[in-house]
Amino acid sequence: MKKEKIFFSLIPLFFYFFLWEMAAIYVNDSLIFPTPTAVGKRFLELIAANEFYIFSFNTCKRVFLGFFTALILSCLSAFFSYKSRLFLHFMKIPVMLMKAVPVAAYIIMLFMLLPSFKIPAVISFIAVFPIIYENIFNSFINRDANVYEMADVFEIKGLKRFVYISLPNSFTSLETGVRLGIGIAFKASVAAEVITISSHTIGESFYNSKIYFDMSGLLAWTIGLIIIAFICEKIFSCMLRYLKEKIESGLKWI
């Protein structure tokens, strides 16, 4: 089964690389449309340089600051929205604005109010908050009433009820929100870095690639960003699944 999964994952990858190669040959201009080989060589040069890790660290630091702040506050807000109809109505407007207003508009507005190095973290927060909030809130709305009735019978209340019943029931929605949110957090945060030209970040490297018309460098940095976001997504998903298994197995940590 594992070999079959790897096989079906690699076939589309090779197919799209083949299309890329054919398109590059057809365009026949490495400045505008470099080949996969040229981008691969540039990527290897990139990861051999110290600046790749420094710039990636600076970008990740801001992404994670916004992401984890959004994760905590969105979970709390979803819980209070479920408990209070008034709080739910108060949350509708900010959540709607976070979803509807273009990220570029937020970046430009914040650029007038904050130092450029703070903006990517705020943008990461704005991009992630409504995703996790709605996933968690919907998990509370669609909960299994029978489980909670049984908890009432056995007088499971308070923190123990939240940890062993409410939390595990929300893990699937939380994992979905985290998987969607981490990719969007990186996209939004790097977009903010590009517009605000935040120094020593992946976004600044994107901006420099545009200035110097370095398409190979742009694609190499893009590949690096995709790999970083993919690794972070898998790490967070594994952490959530591990925590869920520990809770479901009856780990007594409260």
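Reader: Which helices each supply at least two residues of the lining of the second largest pocket?

Author: They are helix 1 (2-27) and helix 10 (215-248), and helix 10 gives the most, with six residues. This is a predicted model, in which local features need pLDDT of at least 70, side-chain atom pairs count only at pLDDT 80 or more, and totals for chains, interfaces and linings use all residues. Residues are numbered from 1 along each chain as its sequence is written, and side-chain values use heavy atoms, with hydrogens and water left out.

Reader: What makes a residue part of this lining?

Author: A lining residue has an atom within 4 Å of a point of the pocket (an open set of points on a 1 Å grid where a 1.4 Å probe fits, with protein on both sides within 12 Å along at least five of seven lines). The lining includes Lys5, Ser9, Leu10 and Trp20 as well as Thr222, Ile226 and Phe230, and the pocket holds about 410 Å³ of space.

Reader: How do the residues of the lining divide into nonpolar, polar and charged?

Author: Eight are nonpolar, two polar and one charged. Lys5 belongs to the lining, and Lys counts as charged, so Lys5 is the charged residue here.

Reader: How many helices and strands does the chain have?

Author: The chain comes to 10 helices and zero strands, where a helix is a DSSP run of H or I with at least four residues and a strand a run of E with at least two.

Reader: What share of the chain counts as buried?

Author: Of the 254 residues, 37% count as buried, that is, under 20% relative accessible area with a 1.4 Å probe.

Methods. Grid points are joined across faces, edges and corners, and a volume is the space filled by probe spheres set on the points. Buried means under 20% relative accessible area, exposed over 50%, partly exposed in between (1.4 Å probe, protein chains only).
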